[in-house]
Amino acid sequence: MLLPVLFIAPALAVLLSLSIYPLIYSVTISLQQETSAGVTWSFENFARLASDNFFLTAMAHTFVYTIAALTCEFLLGLGLALLLNKQIRGRGLFRASLLVPMMLPTVVVGVVWRLMLNPNFGAINGTLKQLGINTESLTWTASPRLAMLSVIAVDVWQWTPFVFLVLLAGLQAIPQGPYEAALIDGSSRWQTFRHVTLPLLKPAILIVLLLRTMDLLRVFDQIFILTEGGPGFATETISLYIYRTAFRFFDFGYAAAMSFVLLALTSVISAIYIRFLQAKEAV
Amino acid sequence: MNHKDTKSTKSDKQGSLSVLRVFVVNNFRYALLLPALLFALAPVYWMLTISLKTEVDQFASPPPWFVFTPTLEHYYDAFVTRAFGQYLITSAIVAVTSTGCALIIGTMAAYALARFQLPWSLNRRLSLWILSTRMFPAIVTAVPLFLMMRDVRLLNTRASLIIVYTAFNLPFVIWMMRGFFADLPRDLEEAALVDGDSRLGALVRVVLPLVAPGLAATAMFCLIISWNEFLFALVLTQTDAAMTLPVGIAGRVTQYEIKWGVMSAAASVAIVPILVFALVLQKYLVRGLSMGAVKG
């Protein structure tokens with residue numbers, strides 16, 4: 001009985017001290033107030049949240065970003081997976097090339113798209129100009145109207161390949177039997193897709209949506225590089241606002257309080273997904 | 001005779017029709033796939049060209065996609081004149097060391113979780129708890145980790161990043177390796193145990209060689225994750241001596257006067273090891289990216 005303990009103990013020690021202890025630390029600083037009379041305890045940091053417009057706007061941005069990017073990535077990824085779920089010439093090349101964006105460091109993705117979207121010498125406006133389109137108002141990440149659209153498009157560019165890859169693996173794991181049955185029944189292509197492919201693909205769909213939702217809700221890197229949350233605060237999501245609060249204003253207590261809201265949000269949403277997943281497995 | 005002729009032309013017609021149909025369907029596929037391919041790769045290619053262009057060509061209009069005079073001055077500027085060479089070394093040291101630590105600690109835990117029957121269904125509970133620590137948004141732990149590292153005076157050191165990345169990669173290693181161990185038949189170890197090997201001996205001599213491909217794939221994933229990581233590195237390292245390549249690049253992006261060539265050169269170098277690993281990892285990509293949830 002000693003051996004398993006010896007094997008697991010180091011991992012538990014690392015996780016307790018570097019994942020769990022930081023959370024406890026975070027709870028204490030979020031509840032502490034430094035006043036002239038010393039340290040007092042209160043829920044003030046949490047009470048502030050409800051009336052903080054920056055916080056509410058950042059939450060709204062996070063939801064818009066998550067829902068828009070998730071929808072686009074899912075539909076495009078599913079489409080690509082269906083297109084490549086056939087033995088066609090050059091399939092390996094397509095698959096490998098489509099995966100490039102998702103392997104890149106997010107910082108590099110930020111650099112790539114700053115170069116593409118730059119209003120003066122970027123490839124996008126340069127190409128549009130060649131086609132005779134007036135690009136004066138197309139300032140992308142510098143425009144309050146287009147900045148959110150731009151950062152969403154960049155996320156779709158980077159992560160559609162991931163959705164594609166997981167769904168393709170899911171499609172290829174589906175046995176041929178149900179398809180042969182559908183063929184004998186004389187089902188149309190749409191009926192086959194609707195009643196055979198989609199239900200059998202459901203576990204893969206739920207897993208990929210879960211993983212993407214978690215990543216989208218906490219998005220930080222690309223937006224930090226592309227816009228730093230700007231122009232103004234037009235693309236400031238919750239992680240960026242927490243970062244600004246902690247490392248620009250050094251209000252660690254308030255940043256900790258906000259991070260618990262984000263943690264609660266991601267926990268609840270992942271619990272819902274997992275409930276769906278288990279319901280599927282039970283059937 | 002006559003009858004036979006009509007029959008053969010009919011089947012020829014059907015044959016050519018179905019060939020035509022396959023042609024249209026396949027080219028319809030290509031007509032959709034080629035733009036997707038272009039869309040995925042063109043931006044990266046554009047960055048590579050910027051890193052090789054003189055400043056005149058960088059700002060030229062219309063943008064030169066293919067025809068320009070290549071130069072390596074930005075690479076020289078970034079890695080010799082500026083400190084990017086040092087960031088690169090830091091990134092490599094941090095990624096390799098943290099991956100090594102996470103692999104050793106994680107593989108042991110994974111083996112125990114996969115093979116020993118723990119009381120109170122701890123196998124399942126511990127595994128799920130370990131997975132849940134990985135689900136914390138990075139910014140949630142970044143704030144307290146910054147304060148903790150400040151308290152123990154480890155800010156702006158490579159050690160702080162090695163420690164944090166080890167913990168960050170640990171749940172991933174445990175979940176991946178647990179899956180690889182579970183895929184192995186138990187008989188092999190049991191035979192070794194019967195032959196008088198100790199548990200540890202069976203693990204080292206029999207089990208580890210069998211999971212070596214999985215171990216290698218897991219290691220490469222950890223290297224990629226550590227190499228790409230940005231938020232913890234940004235928060236914990238702000239000096240030239242300690243910052244990683246992503247933080248170094250980001251620091252140049254958010255300055256007012258941006259050296260586009262230098263930045264692109266550094267970013268282009270940063271993607272080289274990643275692409276090499278990704279090619280090797282193709283087979284394990286789905287499994288790794290879904291934490292073992294989908295065994296592609």
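Q: How many residues of domain 1 of chain B are in contact with residues of domain 2 of chain B?

A: First, some conventions. This is a predicted model, in which local features need pLDDT of at least 70, side-chain atom pairs count only at pLDDT 80 or more, and totals for chains, interfaces and linings use all residues. Residues are numbered from 1 along each chain as its sequence is written, and chains are lettered from A and ligands numbered from 1 in the order in which they are written. Two residues are in contact if their C-beta atoms, placed from the backbone, lie within 7 Å. By that criterion, six residues of domain 1 of chain B touch six residues of domain 2 of chain B. Helix 1 of chain B supplies the largest share of the domain 1 side, four residues. By class, that side of domain 1 of chain B has three nonpolar, two polar and one charged residues. Here Ala, Val, Leu, Ile, Met, Phe, Trp, Tyr, Cys and Pro count as nonpolar, Asp, Glu, Lys and Arg as charged, and the others, Gly among them, as polar.

Q: Where do the domains of chain B lie, and how far apart are their C-alpha centres?

A: Domain bounds come from an automatic or database domain assignment. Chain B is divided into domain 1 (2-58) and domain 2 (77-289), and their C-alpha centres lie 40 Å apart.

Q: Which domains does the assignment give for chain A?

A: In chain A, domain 1 spans 1-42 and domain 2 spans 52-282. Their centres, taken over C-alpha atoms, are separated by 32 Å. Four residues of domain 1 of chain A and six residues of domain 2 of chain A take part in the contact. On the domain 1 side, helix 1 (residues 2-31) of chain A gives the most, with three residues. That side of domain 1 of chain A divides into one nonpolar, three polar and no charged residues.

Q: How many helices and strands does chain A have?

A: Helices (H or I, at least four residues) and strands (E, at least two) are DSSP runs, numbered from the N terminus. Chain A has 13 helices and two strands. The C-alpha atoms of chain A fill a box of roughly 80 × 70 × 35 Å along the principal axes.

Q: How do strand 1 and strand 2 of chain A run, parallel or antiparallel?

A: Two strands pair if DSSP finds at least two bridges between them. Strand 1 (residues 32-35) and strand 2 (residues 38-41) of chain A are joined by four bridges and run antiparallel. They form a hairpin with two residues between them. Within the pairing, Gln32(A) stands opposite Trp41(A), and Gln33(A) has Thr40(A) as its bridge partner.

Q: Where does helix 1 of chain A bend?

A: The bend at a residue is the angle between axes fitted to the seven residues ending there and the seven starting there. Helix 1 of chain A bends by about 35° at Leu16(A). The expected span of a helix is 1.5 Å times one less than its number of residues. With 30 residues, helix 1 of chain A reaches 40 Å from its first C-alpha to its last, close to the 44 Å expected.

Q: Why is helix 7 of chain B described as largely enclosed?

A: A residue is buried if 20 or more other C-beta atoms lie within 10 Å of its own, exposed if 12 or fewer, and partly exposed in between, with C-beta atoms placed from the backbone. In helix 7 of chain B, 22 of the 26 residues are buried, so this helix is largely enclosed by the rest of the structure. A kink of about 35° lies at Asn169(B) in helix 7 of chain B, shortly before the proline Pro171(B).

Q: Is Ser51(A) buried or exposed?

A: Ser51(A) is exposed, because 8 other C-beta atoms lie within 10 Å. Ser51(A) lies in the loop between helix 2 (44-49) and helix 3 (53-84) of chain A.
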